[in-house]
Structure formats: C-alpha cells, structure tokens
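Please read it with the sequence and the coordinates at hand.

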Amino acid sequence: MTDPIVVTSECSPNIALIKYWGKSNEELILPLNGSISITLDKSVLRTKTTVVLEKNTDQSLKSTIKICLNNELQEVDETNPKSNGKQVINVKRFISVLNMVRNSCLISDPYSYNISISSNNNFPTACGLASSASGFACLALCLANAFQYKGDISELARLGSGSACRSCFGGFVKWTAHEESNKSVASVLFDHNHWPEMNILALILEDERKIVSSTDGMRDTTKTSQLLKHRVDLVERERLTQMETAIRDKDFNSFAELVMKDSNNFHAICMDTYPPLFYLNDKSKLIIRLVTEFNKLDGDNNLKAAYSFDAGPNSFIFILDKYVLDFVYLLKNINFEKSENVDKNFILSVTDDFLRLEEKISDARKAQLDDFIALFNNRFCNEKRFIKYLIHSKVGNDPLVSVNDWSVSLLKNNCKPVDK
Ligand code: PMV
C-alpha cells in the first residue's frame, strides 16, 4: 500500500492593469493580446486548495474524483461529464487541466489515482470578487506538484481560466499572447517588493453575480466588435511596453493614466459588442468621477489615484501610500451613513492601523478634504452607503505550496475535510 500524496497551495486573485479580452483559441484559452496584472496580498484575499492522490489498488473499480469547493461537494465522472449534475466547478475545464497534467508527468501510471480536492476562499463569496483566477491557479499548482508535471504551471492554470495564469506568481505579472499554447504563459515582470508604496483598494459596490460571464462576453465581442482589432493592435504595439516602463520607473503619472485609459478602452469595446455589454453601473461612474475630481484636488498636475473595472461594476483603485488615507477618508465620508460599526464591517485591510486613519491625517488636510466632500456630495452624490466593502491590499508575493505536509492540509489522510 503506497502512502497518499498531499499538496496544499495558496494563491491570490490578480487585477489586470492592461486587460485581456478576447480569445484566438477558445479551447486552449489563448488571448488575442497580452496583459499585465498585480497580484493581491494573500492575507486579505486568498484561495487555499488541497489535492490528495491515493492509489486505486482495486483495478476493477473506476478511479474517483471528489471536489469540495467552499463546502459544496461534487463527484466528477470523467467518462460521462454530462452526468455531473450541478457543477461546483467548470467540469470541462477542470478535466482539460487534469488531462494536461496526467499526459505529461513523471509519476507512473497517473490515471490510477483517486483524487480528492478541497478548496476555500478567505473572502466572502458574496463580496463580488471573482475567485476563478486564484482557484484555478491553486488547482494547477497542486496538481502539478502532486503528479510531478513537466510543463509550465501557468499554461496549466490558463486552461482553467485565462487570467488564472497570472495568479501563479506574485508581484507584477505579464501574460504573453502567442499562437502556441506553451508560449502563451505568464511570468514575473517585477516582484512584490519592487514598488512598496503601491496600494490596491477593491471597492465592492455590488455583490451579485455578473449578468454576462467573461467567457460569453468575450465570445460576443470577438465575433461582433469592429473596434476590438484596434484595441488588440494598440495593446500589443504600445501599451504593454509603456506599462512595463511605467512600473519599472515607478512613474505613477504614466502608470495611472495608462491604467485608466486601458479600463476605459476595454469598456468601450464592451459597448461596441453587439448586443452591447454593460458592466459599469451608475455607482461605478460615480467612482470614476470621484477619482477624476480627487486627481484635481491639489492642482499640481500629479495623478494621485487610478481606477480600473473588470467585467463587473466593482472598482479597483491603485494609489500610493501618501494619498491612500486621504482617499479612504473621502470614501468613508462621501455620503456614508455613520454607524458605530461602519469601519469594522466595511474595511478589510492588510494593515492593522488602517482603521484609525483619522488620527493620521493633519487637521489642515482634513479641512481641505471636508470641503471637497461637501462639494462632491452636493454636486454628484446623494445616495447613501453605496459601497458595501472596501478591501485594502498591498502587492502580494508568490503563491505558497506545501508538499506532503498534513498539518496545513484541508483534508485528513482519510480524505475527509479537516474539522474547523
Ligand atoms: O480569465 P477570465 O475569463 O476571468 O477573464 C478576465 C477578464 C478581465 O478580468 C475583464 C480582464 C483581465 O485581464 O483579468
């Protein structure tokens, strides 16, 4: 009887600075253009996954696959994927990742293992953040280590969900567009220490699922948008290099302008899709307005913050240390109803003293911000409490992987979930 193999990994979601939208190959998930992202910090947002492989010693029985995602269980029948009923995971993509691993690995007889998988997120599913990138990155890392996969791990994660390939690394990450699958991979441009003053704020405005998934949306855009060609050309010819240079030089002005222009351009492509895709809502537009006005506050032509939106209304703000408290002060005071618990419920942060931000802003600056708020509320915003959560993150580091360590595993060695 051979010992089971256990691998546990932890990965974070990533936010694209230059976005991916549109595939040249649907099966292999090859992107029309390259993209660049920032990986978030695992202490605020992470997926944790454990994979256990046990040798199926009874040849008369089919090998089994059991997956438990956020406490929902699914048994996957590989021979009959249609019989799988309610899917807690995209079974077709899961099998495509699994087969890629088993067809190119060092472990002997890779099809003879029973596979148990358990995975959960440390952020509420209801907080409106997609977990497919961190989820498939975790799965790829676990399967690759368990089966001793010979190929590129980011290529593997990409088969599950395109943007997942970028969550296989920390720091600033680039995913290259290429017609050959093994060349369309992600790699680190700069590690998480490169620009320590950088902060990412996720403003969760809505927590419902999006109406059109990125897969369907991209398919429609690729089929119908005339402007997409122009975008792909622009990104490949100019934007990827410009973004890389801005990050390398820590040039926040160029960085912020590019981030906002690329988000705007992506949503213009969505509008050009037929029928159009509307991911931004009125609250998102209010955030765009807020960032635009905040950038004018000191009248010094320096950008202080940048907004970006993916395929949904929630907003991501990129902002350096010296302005982050000012901006959060604005968010908290722009028509938020004050309540005793507002900070505790509202802010999830990597920094413990983030909640006591009021003490850290000078009285003179606070007076200036209060004037800004009065003006902004009066002109643009009379809706109360329009932000559900604010998540504060720094640039995150590489994923964690532990091989054959049951102490960190989400499954016991009898493959039952560990007790909470
Ligand atoms: O990888 P998917 O299918 O979740 O698509 C991601 C698409 C965007 O988030 C809008 C852009 C990106 O590059 O992450």
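## Helix 1 and helix 3

The axes of helix 1 (residues 91–102) and helix 3 (residues 153–160) come within 7 Å and cross at roughly 155 degrees, which makes helix 1 roughly antiparallel to helix 3. Axes here are lines fitted to C-alpha atoms, for helices over the stretch in contact, with angles running from 0 to 180 degrees between N-to-C directions, and angles over 145 degrees count as roughly antiparallel. Helices (H or I, at least four residues) and strands (E, at least two) are DSSP runs numbered from the N terminus.

Helix 1 passes helix 3 in a right-handed crossing; a crossing is right-handed if the near helix is turned clockwise from the far one by less than a right angle, and left-handed if anticlockwise. On the side of helix 1, Arg93, Ser96, Val97, Met100 and Val101 meet Glu155, Leu156, Leu159 and Gly160 of helix 3, where contact means heavy atoms within 4.5 Å. By class, this contact has 5 nonpolar, 2 polar and 2 charged residues, with Ala, Val, Leu, Ile, Met, Phe, Trp, Tyr, Cys and Pro counted as nonpolar, Asp, Glu, Lys and Arg as charged, and the others, Gly among them, as polar.

## Basis of the model

This is a predicted model, in which local features need pLDDT of at least 70 and side-chain atom pairs count only at pLDDT 80 or more, whereas totals for chains, interfaces and linings use all residues. Residues are numbered from 1 along each chain as its sequence is written, and side-chain values use heavy atoms, with hydrogens and water left out.

## Helix 5 and helix 6

Helix 5 (residues 227–248) packs against helix 6 (residues 252–272) at an angle of about 165 degrees, with the axes 10 Å apart, and the two helices are therefore roughly antiparallel to each other. The contact includes Leu227, Leu228 and Arg231 of helix 5 and Ser254, Phe255 and Leu258 of helix 6; by class, it has 12 nonpolar, 3 polar and 5 charged residues.

## Ligand surroundings

Of the 13 residues around the ligand (a heavy atom within 4 Å), those that come nearest are Ala16, Tyr20, Ser163, Arg166 and Ser214. A backbone N or O atom of tyrosine 20 lies 3.0 Å from an oxygen atom of the ligand, while for serine 161 a polar side-chain atom lies 3.3 Å from a ligand oxygen atom.

## Backbone features in loops

Tyrosine 274 and proline 275 are joined by a cis peptide bond, with omega about -5 degrees, and proline 275 is found in the loop between helix 6 and helix 7 (282–296).

Key
Angles under 35 degrees count as roughly parallel, over 145 as roughly antiparallel, 65 to 115 as roughly perpendicular and the rest as oblique. A polar contact is a pair of N or O atoms within 3.5 Å; within protein, one must be able to donate a hydrogen and the other to accept it, and residues adjacent in sequence count only if both atoms are side-chain atoms.
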